[in-house]
Amino acid sequence: MADVKLLGLWYSFFSHRVEWALKIKGVKYAFIEEDLQNKSPLLLQSNPIHKKIPVLIHNGKSICESMVIVEYIDETFEGPSILPKDPYDRALARFWAKFLDDKVGAVVSTFIRKGEEQEKGKEEACEMLKVLDNELKDKKFFVGDKFGFADIAANLVGYWLGICQEASGVELVTSEKFPNFCAWRDEYINCSQVKEYLPPRHDELLAFFQDCARAHATTSSSTQK
C-alpha cells in the first residue's frame, strides 16, 4: 500500500483541493495538521523553497503547490479522471485553474485588508467575477459535463468566498450583480460531487474567519496614526 501523507490546515481551501482529489481517487491518506506560527521540521524539510502548505508526501517524496499536487494525484492513482481526456478540454481546465489561482490575492485582500489595499482588491475581484459571470452562464461545470480539475480550483470562489463574505460583512457578490455566477455557485455547493467533499465544520470555519476579520480590524486600527 502507498504511504500517503498530506501536510495542511483544516481551514485552507488549498489543502481541501488536495483532499478532494485524494477522495475522488479513493486514496487513503494521513492528514497532518500544521501550525503556521510554529512550522514543523517535516514541513520545512518537505517544502524548503516556500515553506508553505499543502505538501503531499507519497512514498517519501514531496510534491508542493495545490494544483500541481492535484495533477500528480490524477496521473499517479487509479480512479475517476480529474483532468479531461481530450487535449483541448485539458488545456481549458488548466487555463481556468490558473486564472482562478492568479486572483487569490485579490479575493483575500478584499476581506482582510483595509483602505486602499482593500479597494484595489475589490476592483480586481469584481473584474474576475465579471469574467466568471459571463463564462458560467447556463453551465454546471467549467469544462465538460462533470466535476473536474478547474472545479476543484474554483473552491475558493464556489464555497470559501461566501463564508469570507459572511464573516467579514464585506459584500462582494450579489445575485443582482452576478446572476450567472450565483446560479453556478448554488449548483456547485449542492452538487453531489461537491457536497460530499465540503468541509464538515461549516460553523467552525465561519467562526474562524470571523476571528480573522476581527483580528485584522484590530491590527489595522492600532497601526493607524
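Mentor: Start with a pair of helices: Trp 96, Phe 99, Leu 100 and Asp 102 in α4 meet Glu 124, Met 128, Val 131, Leu 132 and Glu 135 in α6. Sorted by class, this contact of α4 with α6 has 6 nonpolar residues, no polar ones and 3 charged ones. Keep in mind throughout that the model is predicted.

Now the geometry of that pair. Helix α6 covers residues 115-135, and α4 packs on α6 at an angle of about 155°, with the two axes 11 Å apart. Angles over 145 degrees count as roughly antiparallel. That is why α4 is called roughly antiparallel to α6. The crossing of α4 past α6 is left-handed.

Rolling a probe the size of a water molecule over the atoms shows where empty space is left. Searching the whole structure in this case turns up 1 cavity of 30 Å³ or more. The largest cavity holds about 40 Å³ of space. By class, the lining has 7 nonpolar and 3 charged residues, and no polar ones.

Helix α1 (residues 13-25) packs against helix α8 (residues 155-168) at an angle of about 125°, and their axes lie 11 Å apart. At that angle, α1 is oblique to α8. The contact is formed by Phe 13, His 16, Arg 17 and Trp 20 on the α1 side, and by Asn 155, Leu 156 and Trp 160 on the α8 side. In classes, that is 4 nonpolar, 2 polar and 1 charged residues for the contact of α1 with α8. The crossing of α1 and α8 is right-handed, whereas that of α4 and α6 is left-handed.

Helix α1 has a further partner. With α3, α1 packs at an angle of about 5°, and the axes are 9 Å apart. The two helices α1 and α3 are therefore roughly parallel to each other. From α1, the residues in this contact are Phe 14, Arg 17, Val 18, Ala 21, Leu 22 and Lys 25; from α3, they are Ser 66, Met 67, Ile 69, Val 70, Ile 73 and Asp 74. By class, the contact of α1 with α3 has 8 nonpolar, 1 polar and 3 charged residues.

The open space comes next. The largest pocket has a volume of about 970 Å³. It is lined by 34 residues, of which Ser 12, Phe 13, Phe 14, Leu 36 and Val 108 are the closest to its centre. At least two lining residues of the largest pocket come from each of α1, α3 (66-76), α5 (104-112), α8 and α11 (202-223). The lining of the largest pocket divides into 21 nonpolar, 7 polar and 6 charged residues.

Finally, return to α4 and look at the loop between α3 and α4, where Pro 84 is placed. Leaving aside neighbours within four places in sequence, Pro 84 is in contact with Asp 89, Arg 90, Ala 93 and Val 143. Of these, Val 143 is 59 residues away from Pro 84 in sequence, yet their C-alpha atoms are 8.1 Å apart in space. At the other end of the chain segment that holds α3, the loop between β4 and α3 contains Glu 65. Glu 65 is not a glycine, but has a positive phi of about 75°.

Conventions: Residues are numbered from 1 along each chain as its sequence is written. This is a predicted model: local features need pLDDT of at least 70, side-chain atom pairs count only at pLDDT 80 or more; totals for chains, interfaces and linings use all residues. Side-chain values use heavy atoms; hydrogens and water are left out. Axes are lines fitted to C-alpha atoms, for helices over the stretch in contact, and angles run from 0 to 180 degrees between N-to-C directions. Helices (H or I, at least four residues) and strands (E, at least two) are DSSP runs, numbered from the N terminus. Angles under 35 degrees count as roughly parallel, over 145 as roughly antiparallel, 65 to 115 as roughly perpendicular and the rest as oblique. A crossing is left-handed if the near helix is turned anticlockwise from the far one by less than a right angle, and right-handed if clockwise. Contact means heavy atoms within 4.5 Å. Ala, Val, Leu, Ile, Met, Phe, Trp, Tyr, Cys and Pro count as nonpolar, Asp, Glu, Lys and Arg as charged, and the others, Gly among them, as polar. On a 1 Å grid over the protein atoms alone, a cavity is a set of points where a 1.4 Å probe fits but cannot get out, and a pocket is an open set with protein on both sides within 12 Å along at least five of seven lines; lining residues have an atom within 4 Å of a point. Grid points are joined across faces, edges and corners, and a volume is the space filled by probe spheres set on the points.
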